Amino acid sequence: MAALIFELPDGTQRDVTVARLLNAGYAGRSQEDVAAHVAELAEIGVPAPSTIPALYPVAPYLAQQTGTVPVQHARTSGEAEWALVVDSTGDLLLTAACDHTDRALEAHGVAWSKNAGPDVLARAAWRLSDVADRLDSLTLRAWVTPVGKDDEILIQDGTAGELLPPHYWTDALRERGELEPGTVLISGTIPMREGVDQFAGRWRVELGDPATGQVIELAYDVVPMPEPIG
């Protein structure tokens, strides 16, 4: 199981031993946004889901706080998301996340693709209760750096209000008996901007709070693995 450490704004730390990792999918509040995401995925061969929203169990060790994601081929990419984390005390935390997915495998099975790459989480977090009154105004953005380039390109730009809210998922997890220490749920994502290549060499995601100016950030390099032998 993965061991994560989050730093809160007051300088204290919270430990999490990940026992359960879940990825929400097609979790936009707007059916227009959900349809846009379905269309994005259809372009790379992913069939529409049978249930909306979807929820995919992911191996807990794939929850990582890392600056490097090794990949087997060029058709992998991340997504700007928030993560709901139940820490070791049972407190609820909110942080930035990026679900790095194998898009080639996704065409054969979304659940398979979610287990072929890590869910990268930031090292900072907020108590959910501290931002509960302004969740919809939290900003969610992602930038990519194309392979061989230095300049970032904004690929996603929206708010948490575009997604199903954390309390939707806390209610769902409570009903399932899974709102327990060690549970991590990744929110699903907002639409990508048109014309931007998601198959990049670097990803950066920010979850921002306009009310305080605070930002939680993660970034990682996408590193090709050596060719297999044999």
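The following legends describe close-up views of a predicted model.

The model is predicted, and local features are taken at pLDDT of at least 70, side-chain atom pairs at pLDDT 80 or more, whereas totals for chains, interfaces and linings use all residues. Residues are numbered from 1 along each chain as its sequence is written, and side-chain values use heavy atoms, with hydrogens and water left out.

**View 1. The largest nonpolar core and the surroundings of L94.** A nonpolar core is a set of buried Ala, Val, Leu, Ile, Met, Phe, Trp, Tyr and Cys residues joined through side-chain atoms within 4.5 Å, where buried means under 20% relative accessible area, exposed over 50% and partly exposed in between (1.4 Å probe, protein chains only). The largest such core holds 38 residues, and W82, L94, L138, W203, L207, L218 and Y220 have the most contacts inside it. Strand β17 (residues 214–224) contributes the most to this core, with four residues; helices (H or I, at least four residues) and strands (E, at least two) are DSSP runs, numbered from the N terminus. Contact means heavy atoms within 4.5 Å, and once neighbours within four places in sequence are set aside, the contacts of L94 include W82, W126, L138, P166, L207 and I216.

View 2. P166, W169, T170 and L173 are buried in helix α5 (residues 166–176). They cover an arc of only 105° around the axis, taken from the directions from the helix axis to the C-beta atoms, and therefore lie on the same side of α5. An α-helix has 3.6 residues a turn, so residues three or four places apart point the same way. The buried residues of α5 pack against β3 (20–25), β4 (54–58), β8 (80–86), β9 (92–99), α4 (128–131) and β15 (183–186), while the face turned away from the buried side carries the exposed residues H167 and E175. After α5 comes G177, with a positive phi near 70°.

**View 3. The aromatic pair of Y168 and W169.** Rings of Phe, Tyr and Trp (its six-membered ring) pair if their centres lie within 6.5 Å, and planes under 30 degrees apart count as stacked, over 60 as edge-to-face and the rest as tilted. A search of the whole structure finds one aromatic pair; the ring centres of Y168 and W169 are 4.9 Å apart and the planes stand at 85°, so this pair is edge-to-face. Y168 counts as partly exposed, at 34% relative accessibility, whereas W169 is buried, with a relative accessible area of 4%.

View 4. Two strands pair if DSSP finds at least two bridges between them, and β8 pairs with β9 in the antiparallel sense over seven bridges, with L93 in β9 as the bridge partner of V85. The two strands form a hairpin with five residues between them, and G90 in the turn has a positive phi of about 90°.

View 5. The pairing of β15 with β8 is antiparallel over three bridges, and here L84 stands opposite L185. In the loop between β3 and α1 (31–43) lies Y26, which has a positive phi of about 55° although it is not a glycine. Y26 is buried, with a relative accessible area of 6%.

**View 6. The open sheet of five strands.** The strands follow the order β6-β17-β16-β13-β14, and their pairing is mixed. At the edges are β6 (68–71) and β14 (153–159), each of which pairs on one side only. Within the sheet, β13 (residues 139–145) and β16 (residues 202–209) run antiparallel and are joined by seven bridges, and T139 stands opposite G208 in β16.
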